[in-house]
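Subject: Structure for your review

Dear colleague,

Please find below the sequence and structure that I am handing over to you.

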Amino acid sequence: MFTVFGVPSPALFGQLLLGLINGSFYAILSLGLAVIFGLLNIINFTHGALYMMGAFVAWMLLNYAGIGYWWALGLAPIIVGVFGVVLEKVLIARLYKLDHLYGLLLTFGLALIIQGIFRNQYGVSGLPYAIPPELAGGQRIAIGSTPIMFLPNYRGWVIVASAVVCFATWFVIEKTKLGSYLRAATENPTLVQAFGVNVPLMITLTYGFGVALAGFAGVLAAPIYSVNPNMGGDIIIVVFAVVVIGGMGSILGAILTGFGLGLVEGLTKVFYPEASATVIFVIMVLVLLVKPAGLFGRSA
Amino acid sequence: MPEAATMSRPAPSGTAAPLLAIDGLEAWYGESHVLHGMSFHVNPGEVVTLLGRNGAGKTTTMKSIIGIMGRRRGSVRYDGVETIAMASRNIARLGIGYVPEERGIFSSLSVSENLTLPPQVKPGGLSVEQIHELFPNLKERAGSQGTKLSGGEQQMLAIGRILRTGAKLLLLDEPTEGLAPVIVQQIGRTIGRLKSQGFTIVLVEQNFRFAQTVADRHYVVEQGRVVDMIPNSDLDANIDKLHGYLGV
């Protein structure tokens with residue numbers, strides 16, 4: 001064991017790992033928000049509720065249908081995504097010509113309704129969801145005979161899975177033909193439509209994809225945090241701060257800021273625990289003062 | 001109805017049915033009524049200009065044809081199909097390519113992504129190689145960000161990208177605006193080549209000296225309607241009248 005500024009290494013790396021885990025969830029969730037905001041101009045307040053829904057769908061699949069974690073990892077995002085498509089078609093699509101504020105109010109109201117339904121049905125004490133047996137246990141990481149930290153397998157998996165999903169999303173949006181339609185429609189939907197592209201369909205599918213990401217994050221979170229109707233409301237406020245810091249609508253910004261702020265939060269827990277709950281908001285204020293469009297945002 | 005008969009000009013005898021026939025077209029920006037019964041037609045293979053002062057309704061006419069004006073009424077027929085109630089994506093799919101006045105180059109796309117963005121709507125479009133041959137600058141700068149190009153190159157990109165789609169009718173809204181004379185000449189030569197390849201072109205212009213070098217006929221637009229039609233061969237004879245229309 002060694003110490004860094006008087007902090008024993010397992011404590012330091014343990015908190016950094018925790019920070020990276022939180023950062024993984026910030027990154028996936030803020031990525032979905034950024035994609036949705038870019039194309040739809042909607043600040044999607046239902047995002048936290050749909051993340052919670054992803055975790056609950058995984059729990060329900062297991063307890064009502066006997067469908068385990070790995071299938072749920074694929075099925076729950078699809079179910080949440082389809083739910084999102086219905087929301088977009090039936091409700092959100094009516095607001096595109098109005099001010100942002102209406103979209104925010106509608107999605108905030110929907111979030112409260114969705115949370116309320118789950119709270120009514122399942123209470124607030126939280127439901128257990130076991131780590132899949134393939135990922136139980138953990139690794140002792142050491143350099144020579146010096147122990148560095150203990151890494152639970154499932155937590156390592158969460159970081160890798162989020163990083164892969166974030167990279168894949170970034171790649172599709174920035175480097176493929178499909179992504180070029182998305183970027184162009186984000187800039188000028190009328191013109192893309194005038195070239196013969198079905199932009200309303202693209203918007204619907206983008207919303208579905210964005211919330212499917214939230215559902216995916218929910219399944220990843222289920223074995224770590226207890227499956228709880230309030231889990232979305234707790235995390236979404238921080239995620240909005242992450243999006244503001246990274247810059248609204250910036251894909252890479254959302255990913256890097258998500259992971260980065262998770263780490264900053266972890267470090268704060270080690271060196272000044274009292275500030276760990278507020279550090280992200282302090283950073284948000286500072287960034288807004290210096291770069292109002294966010295670290296990676298393009299100013300309008 | 002005698003009134004209807006005077007509104008729609010019959011196609012000149014001896015030519016095929018018009019490719020684009022506009023009749024009694026009206027359009028609004030919110031509450032403001034901009035087009036008041038535009039009527040004109042374009043025959044296959046023709047280059048036709050809309051001349052007129054700022055605010056006469058030329059750009060609005062182009063937007064109405066491609067279907068991006070929210071409120072429009074009257075008749076726009078392309079190749080016999082009534083498009084007045086169609087969504088713009090379906091109008092484009094009939095084979096109409098649109099180059100907006102502000103060019104509409106996407107800054108988050110590279111030059112080559114901009115070039116290949118519009119989907120192919122009909123067979124027989126130009127290949128990327130043929131477009132590069134037409135506009136060599138686009139090949140050299142294929143990897144640049146779209147909006148890093150000069151104004152002239154952006155205009156070439158805006159025209160080039162709709163040639164790929166197989167569109168047969170091109171709507172060019174002020175392609176020469178703000179460009180250096182040498183670039184204007186290049187665009188003029190391009191329009192001539194496209195005409196010789198069978199494209200039909202509607203051109204909005206303020207500069208009738210340029211229009212004269214490329215067009216077959218000129219429609220004069222005033223206050224949201226067509227007030228005169230001048231064949232290109234008669235342009236010099238009507239130069240005083242045209243000065244009066246354009247206020248130059």
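**Helix packing in chain A**

H3(A) and H8(A) pack with their axes 7 Å apart, at an angle of about 145°. Please note that the model is a predicted one. The crossing of this pair, H3(A) with H8(A), is right-handed. From H3(A), the residues that take part are Tyr69(A), Ala72(A), Leu73(A), Ala76(A), Pro77(A), Val80(A), Gly81(A), Gly84(A), Val85(A), Leu87(A), Glu88(A) and Lys89(A). The contact of H3(A) with H8(A) comprises 15 nonpolar, five polar and two charged residues.

H8(A), which spans residues 199-221, also packs against H2(A), residues 47-65. The axes of H2(A) and H8(A) come within 7 Å and cross at roughly 55°, which makes H2(A) oblique to H8(A). H2(A) passes H8(A) in a right-handed crossing. On the side of H2(A), the contact is made by His47(A), Leu50(A), Tyr51(A), Gly54(A), Ala55(A) and Ala58(A). On the side of H8(A), the residues include Tyr207(A), Gly210(A), Val211(A), Ala214(A) and Gly218(A). This contact of H2(A) with H8(A) has 10 nonpolar and five polar residues, and no charged ones.

Leu261(A), Val264(A), Glu265(A) and Thr268(A) of H10(A) meet Val279(A), Ile280(A) and Ile283(A) of H11(A). By class, the contact of H10(A) with H11(A) consists of five nonpolar residues, one polar and one charged.

**The largest pocket**

The largest pocket has a volume of about 1,000 Å³. Its lining is made up of 35 residues, and those nearest the centre are Tyr96(A), Lys97(A), Pro189(A), Thr190(A) and Ile203(A). The elements that give two or more residues to this lining include H1, H3, H4 and H8 of chain A, as well as strand E1 (20-29) of chain B. H8(A) gives the most, with four residues. The lining of the largest pocket divides into 16 nonpolar, 11 polar and eight charged residues.

**Cavities**

Two cavities of 30 Å³ or more are found in a search of the whole structure. The largest cavity holds about 50 Å³ of space. Its lining comes from Ala194(A) and Phe195(A), together with Ala92(B), Ile96(B), Gly97(B), Pro118(B), Val121(B), Ile162(B), Thr165(B) and Ala167(B). Eight of the lining residues of the largest cavity are nonpolar, two are polar and none is charged.

The second largest cavity has a volume of about 40 Å³. Among the residues that line the second largest cavity are Leu33(A), Phe37(A), Asn44(A), Phe240(A) and Met248(A). H1 and H9 (231-246) of chain A are the elements that give two or more residues to this lining, and H1(A) gives the most, with three. The lining of the second largest cavity has eight nonpolar residues, one polar and no charged.

Yours sincerely

Definitions and conventions
Residues numbered from 1 in each chain as written. Chains lettered and ligands numbered in written order. Predicted model: local features only at pLDDT ≥ 70, side-chain atom pairs only at ≥ 80, totals over all residues. Heavy atoms only, no water. Axes fitted to C-alpha atoms, helices over the stretch in contact; angles between N-to-C directions. Parallel < 35°, antiparallel > 145°, perpendicular 65-115°, else oblique. Left-handed = near helix turned anticlockwise from the far one by under 90°. Contact = heavy atoms within 4.5 Å. Nonpolar A, V, L, I, M, F, W, Y, C, P; charged D, E, K, R; others polar. 1 Å grid on protein atoms, 1.4 Å probe; cavity = no way out; pocket = protein on both sides within 12 Å on 5 of 7 lines; lining within 4 Å. Points joined across faces, edges and corners; volume = space filled by probe spheres on them.
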